[in-house]
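Subject: Structure handover

Hi,

Here is the structure I promised to pass along.

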Amino acid sequence: MPRLPSWCTRRHRAIGVDHAGQLLATAGENPDRLRSEAAFAHLCGVAPIPASTGRTQRHRLHRGGDRSANRALHLAIVVRMRCCPRTRAYVERRTVEGLSKPEIMRCLKRYLAREVYQSLCADMRALNELDKM
């Protein structure tokens, strides 16, 4: 039976097997495009793009990329906003600062993409070490 990636089981409780598989497929289909966490976020469609008008400083999400990976990150964020105490505290803090729910979700998606990318890279390094043995 195949083993789940460590980033699916350890810290990221909101990412299930289906969503982990989708994120792995997204990363695996385009290994040359994953040069940094920003490239992974762009590939998943969660890279911030300035959308400021007048005196308002705002960002929106990049609409391109893999929509299925974006959906996987979105659903993980929805679960985290309901269940994870750390995420709930973040949402409360950002709400007090004046951000709307979509803006908070945009920030959370970017943070989650960063965490997944770092864990994915760590797992790839571990796999490369096993291959060298």
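Two housekeeping points before that. This is a predicted model, where local features need pLDDT of at least 70, side-chain atom pairs count only at pLDDT 80 or more, and totals for chains, interfaces and linings use all residues. Residues are numbered from 1 along each chain as its sequence is written, and side-chain values use heavy atoms, with hydrogens and water left out.

**Layout**

The chain has six helices and two strands; helices (H or I, at least four residues) and strands (E, at least two) are DSSP runs, numbered from the N terminus. Going along the sequence, you get the pattern α-α-α-β-β-α-α-α. There are 133 residues in the chain, and 38% of them count as buried. For that label, buried means under 20% relative accessible area, exposed means over 50%, and partly exposed is in between, with a 1.4 Å probe and protein chains only.

**The core**

The largest nonpolar core has 28 residues. By nonpolar core I mean a set of buried Ala, Val, Leu, Ile, Met, Phe, Trp, Tyr and Cys residues joined through side-chain atoms within 4.5 Å. The residues with the most contacts inside it are Ile 15, Leu 23, Phe 40, Cys 44, Leu 73, Leu 108 and Leu 112. H2 (17-29), H3 (37-44), H4 (67-83), H5 (85-96) and H6 (101-132) each supply at least two residues of this core. H6 gives the largest share, nine residues. As background, nonpolar side chains tend to be buried together in soluble globular proteins.

**How the helices pack on H6**

H4 and H6 pack with their axes 9 Å apart, at an angle of about 110°. That makes H4 roughly perpendicular to H6. H5 and H6 have axes that come within 10 Å and cross at roughly 140°, so these two are oblique to each other. For the bookkeeping, axes are lines fitted to C-alpha atoms, for helices over the stretch in contact, and angles run from 0 to 180 degrees between N-to-C directions. Angles under 35 degrees count as roughly parallel, over 145 as roughly antiparallel, 65 to 115 as roughly perpendicular and the rest as oblique.

The crossing of H4 and H6 is right-handed, and H5 also passes H6 in a right-handed crossing. The convention here is that a crossing is left-handed if the near helix is turned anticlockwise from the far one by less than a right angle, and right-handed if clockwise.

**Salt bridges**

A search of the whole structure turns up five salt bridges, each being a side-chain nitrogen of Lys or Arg within 4 Å of a carboxyl oxygen of Asp or Glu. Here are some to look up:

- Glu 37 pairs with Arg 114, the closest N and O atoms being 2.7 Å apart. Glu 37 lies in H3 and Arg 114 in H6, so the pair ties together parts that are 77 residues apart in sequence. Glu 37 is partly exposed at 22%, and Arg 114 is partly exposed at 26%.
- Glu 115 pairs with Arg 80, with 3.4 Å between the closest N and O atoms. This pair links distant parts of the chain, as Glu 115 is in H6 and Arg 80 in H4, 35 residues apart. Both Glu 115 and Arg 80 are buried. Arg 80, Arg 86 and Glu 115 are linked in a network of salt bridges.
- Arg 94 meets Glu 97 at 3.3 Å, N to O. Arg 94 counts as buried at 18%, while Glu 97 counts as partly exposed at 45%.

Ala 38 sits in H3 and is partly exposed at 39%. Ala 38 is 76 residues from Arg 114 in sequence, but their C-alpha atoms are 7.9 Å apart. Arg 110, in H6, is buried at 15%. Arg 110 and His 42 are 68 residues apart in sequence and 9.6 Å apart in space, C-alpha to C-alpha.

**Cysteines**

Cheers
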